[in-house]
Amino acid sequence: MMTYCGGCQCGAVRFSITVPELIVYACHCQDCQKHTTSACALSIPVAISALEIEGPLSIFSRETDSGTTTDCHFCSTCGTRIYHQSARSRDMVTLKGGTLDDTRMLVPVAHLWVSRKQSWMQLPDDVPQFETQPDDLKAWRAGLISAS
Ligand SMILES: [Zn+2]
Ligand SMILES: [Zn+2]
C-alpha cells in the first residue's frame, strides 16, 4: 500500500489516502470544467475508508443528470474542491487530483466526456475515451479500484 498526501490551497484542510495504486481518470464535462475552472477534472476514485481528512470542510450538493445527488466537499476557508461523493455510492469518493502535494504521477487511465473536450487538448490514442461516460459509472469506478 502507498500513502499519498494532499490538501487545499490555504492549508487548512489536509488529507491522506492509502491505496495499492494511484488510479486517476480525466473528466471533460462542463460541470468539471466549471468546478476546476480548467479544461478537465482529474478524479481519483477511492474507498472512503482509504481517506483520512482533517480541517474545515463545507458541502455543496447538486443534482446530477442521472437523477442522483453529488455532495461536493470543499475547504470552508479557501474554497478548494477536495472530493465528491455520490448519494448512490456512499462507500466511495472521488478525490480531486490537483489537491495532491505531488501531482506528477497523475496519468489518466481514461478520459470521460471527450465530446465536451477543449479542442486544443490532444489525448493519447492508447488511453480509453468515452464520448460521454460509462453506462454504470459507479460500477466502472469500483472496477478501476478493484483492478489495482
Ligand atoms: Zn483551504
Ligand atoms: Zn465531469
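1. Let's start at arginine 90, which is partly exposed, with a relative accessibility of 42%. Please keep in mind from the outset that this is a predicted model. Which partner does the side chain of arginine 90 meet in a salt bridge? The partner is aspartate 71, with 3.3 Å from N to O. The two come from distant parts of the chain, 19 residues apart: arginine 90 sits in the loop between strand S8 (81-86) and S9, while aspartate 71 belongs to strand S7 (residues 69-75). Aspartate 71 has a relative accessibility of 12% and counts as buried, whereas arginine 90 is partly exposed.

2. That pair belongs to a set of four salt bridges in the structure. Another is formed by arginine 14 and aspartate 101, whose side chains come to 2.7 Å, N to O. Here 87 residues separate the partners, and the pair links distant parts of the chain: arginine 14 is in strand S2 (residues 14-19), and aspartate 101 is in the loop between strand S9 (92-96) and S10. Arginine 14 is partly exposed, at 35% relative accessibility.

3. A further salt bridge joins aspartate 31 and arginine 62, with 3.2 Å between the closest N and O atoms. Because aspartate 31 lies in helix H1 and arginine 62 in strand S6 (residues 57-63), this pair ties together parts that are 31 residues apart in sequence. Both residues are partly exposed: aspartate 31 has a relative accessibility of 37%, and arginine 62 has a relative accessible area of 21%.

4. Now to the metal. Which residues are the protein donors of the zinc ion (ligand 2)? They are Cys27, Cys29 and Cys32, each through its SG atom, at 2.1 to 2.3 Å from the ion. Along the chain, the donors of this zinc ion follow the spacing C-x1-C-x2-C. Cysteine 27 and cysteine 32 are both buried.

5. The sheet is worth a slow look. Seven strands make up an open sheet with mixed pairing, in the order S6-S7-S8-S9-S4-S3-S10. S6 and S10 are the edge strands, each with a single partner, so one side of each has no neighbour in the sheet. Within the sheet, S7 and S8 are antiparallel partners joined over five bridges.

6. How does helix H2 lie relative to the strands? H2 lies across strand S3 (25-27), S4, S9 and S10, and runs at about 75° to S4. These strands are members of the seven-stranded open sheet described above.

7. Two residues deserve a check of the backbone. Threonine 37 has a positive phi of about 50° although it is not a glycine, and you will find threonine 37 in the loop between helix H1 (30-36) and strand S4 (41-47). Tryptophan 113 also has a positive phi, of about 55°, and is not a glycine either. The place of tryptophan 113 is in the loop between strand S10 (111-112) and helix H2 (137-146).

8. Is each of these two residues buried or exposed? Threonine 37 counts as exposed, because its relative accessibility is 74% and the cut-off for exposed is over 50%. Tryptophan 113 has a relative accessible area of 18%, and since buried means under 20%, tryptophan 113 counts as buried.

Definitions and conventions:
Residues are numbered from 1 along each chain as its sequence is written. Chains are lettered from A and ligands numbered from 1 in the order in which they are written. This is a predicted model: local features need pLDDT of at least 70, side-chain atom pairs count only at pLDDT 80 or more; totals for chains, interfaces and linings use all residues. Side-chain values use heavy atoms; hydrogens and water are left out. Donors are N, O and S atoms within 2.8 Å of the metal (3.2 Å for Na, K and Ca); water is not among the atoms, so sites may look incomplete. Buried means under 20% relative accessible area, exposed over 50%, partly exposed in between (1.4 Å probe, protein chains only). Helices (H or I, at least four residues) and strands (E, at least two) are DSSP runs, numbered from the N terminus. Two strands pair if DSSP finds at least two bridges between them. Contact means heavy atoms within 4.5 Å. Axes are lines fitted to C-alpha atoms, for helices over the stretch in contact, and angles run from 0 to 180 degrees between N-to-C directions.
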